[in-house]
Amino acid sequence: MLNLANQIDDTLISGSPAECCVDRSWFAIETRPRYEKRVAAGLKEKGVDAFLPLISAMHKWSDRRRVVQLPLFPGYVFVRIVNGLSLRVSVLRTSGVQKFVGTPRVGTSIPECQIAAIRTIVEHKIPFTLHPFLSIGRRVRLRGGSLDGVEGILLAKNGDHSLVVSVELIQRSVAMRVSGYQVDPI
């Protein structure tokens, strides 16, 4: 089993400075299987702001062991683009990109708070486990510490309180322990 909780890494690919002043939205793009890193690199070459969270995992083969970087959400890369046709076409023409996730041909934007929550967890190397997506439950916000402002769904499992942070559009979630944090209902 992969040890996801101890070693976490992320790759952040930034767009051009000229795009910083324009209102942009996050979208998920679906990639061909095992093409996430190539897609992220291709988007970087085009000057597109992309986010590919990676995790470190130990893999064993018959003759060796090696730490490899795997996508946190296999098959998906997040892009932050202006809502315009020309940039969408440029993203879709990147090798390995299959489609925007959501509304056909257009995609559905992802709220900034969901990407920010995933980014905060990955950047602060907070131990977590992958968790099935939950569409029901109580939304809460953490207060204090390095996770101040992170929102998610509170879950109690075997007497242990966890916070599930989800990217709703791609129906993927991560869960982490919240003991020691102040939890406020939203």
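This is a predicted model: local features need pLDDT of at least 70, side-chain atom pairs count only at pLDDT 80 or more; totals for chains, interfaces and linings use all residues.
Rolling a probe the size of a water molecule over the atoms shows where empty space is left. The volume of the largest cavity is about 60 Å³.

To see what surrounds the largest cavity, select C113, Q114, A117, R139, E151, G152, I153, V164, V165 and S166, which line it. Now colour three elements: α3 (112-123), β10 (151-157) and β11 (160-167) each give at least two residues to this lining. By residue type, the lining of the largest cavity divides into 5 nonpolar, 3 polar and 2 charged residues.

Next, clear the selection and move to the largest pocket. Its volume is about 280 Å³. Select its lining in two steps. Begin with R34, Y35, E36, K37, R38 and H59, which are among the residues that line the largest pocket.

Which elements give two or more residues to the lining of the largest pocket? They are α1 (36-45) and β4 (65-71). Select β4 by itself: β4 gives the most to this lining, with 4 residues.

Last, colour the lining of the largest pocket by residue type. How many of its residues are nonpolar, polar and charged? There are 6 nonpolar, 2 polar and 4 charged residues in the lining of the largest pocket.

Notes
Residues are numbered from 1 along each chain as its sequence is written. Side-chain values use heavy atoms; hydrogens and water are left out. On a 1 Å grid over the protein atoms alone, a cavity is a set of points where a 1.4 Å probe fits but cannot get out, and a pocket is an open set with protein on both sides within 12 Å along at least five of seven lines; lining residues have an atom within 4 Å of a point. Grid points are joined across faces, edges and corners, and a volume is the space filled by probe spheres set on the points. Ala, Val, Leu, Ile, Met, Phe, Trp, Tyr, Cys and Pro count as nonpolar, Asp, Glu, Lys and Arg as charged, and the others, Gly among them, as polar.
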